[in-house]
Amino acid sequence: MNIPFLDNWRKRHGGDGSRTLASAVGGDAEGVAELLSECELLRVRAGQQGLELDDTPASLEALDQLSPRWRDDPEELPWLGNDAGLYLGTVIVRTVRGAAWHVWPGGHPVVRLASGREVNVVEAGLGWAVHGSPELSQVYAEAAEA
């Protein structure tokens, strides 16, 4: 999986590009959570529209209300959707009891809830960026109820 912010993280942590997300998981849950929470592109685009993302459920609702200007750039769209999914996952992990990041063997991050259910947040973020559905706040609400 090509995650755009991974290069920045590798530079800060002395990586040479050979370290994958799956290998980064090696017991460092906080490091992985930090890595996945960066969502640099989404934070920049939201900031350009006057929204500061503070990792709260209310910020997901605010994102849902933004004008989807990013849809005008088909090259940026998948990156923004990826970031939206990772941001959604970050909010869930930080605010829903028992939720944690889980990385599938291929390096795909999902959020595992206390019930054992996994939320494919990247898929949800891509759907939100491309189609406006599902709303990020709705996915969060479903995860919080599980």
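These legends go with several close-up views of a predicted model.

Residue numbers start from 1 along each chain as its sequence is written. Because the model is predicted, local features need pLDDT of at least 70 and side-chain atom pairs count only at pLDDT 80 or more, while totals for chains, interfaces and linings use all residues; side-chain values use heavy atoms, with hydrogens and water left out.

**View 1. Confidence along the chain, given as pLDDT (the predictor's confidence in each residue, from 0 to 100).** The protein averages a pLDDT of 85, and 82% of its residues reach 70 or more.

**View 2. The largest nonpolar core, with 34 residues.** Such a core is a set of buried Ala, Val, Leu, Ile, Met, Phe, Trp, Tyr and Cys residues joined through side-chain atoms within 4.5 Å; buried means under 20% relative accessible area, exposed over 50%, partly exposed in between (1.4 Å probe, protein chains only). L42, L63, Y87, L88, I92, V111 and W128 touch the most other members. Two or more residues come from each of α3 (29-36), α4 (40-48), α5 (57-65), α6 (77-95), α7 (121-131) and α8 (136-145), and α6 gives the most, with 8. Zoom in on L42: leaving aside neighbours within four places in sequence, L42 is in contact with L53, L63, L80, D83, A84, Y87 and W128.

**View 3. Where α4 crosses α6.** The two axes (lines fitted to C-alpha atoms over the stretch in contact, with angles from 0 to 180 degrees between N-to-C directions) come within 7 Å and cross at roughly 95°. That makes α4 roughly perpendicular to α6, a label for angles of 65 to 115 degrees. On the α4 side sit E40, L41, L42, R43 and R45, and on the α6 side W79, L80, D83, A84 and Y87.

View 4. C39, in the loop between α3 and α4, has a positive phi of about 45° despite not being a glycine; C39 is buried, at 0% relative accessible area. D55, also not a glycine, has a positive phi of about 65°. This residue is in the loop between α4 and α5, and D55 is buried at 14%.

How values were computed
Helix = DSSP H or I, 4+ residues; strand = E, 2+ residues; numbered from the N terminus. Contact = heavy atoms within 4.5 Å. Parallel < 35°, antiparallel > 145°, perpendicular 65-115°, else oblique.
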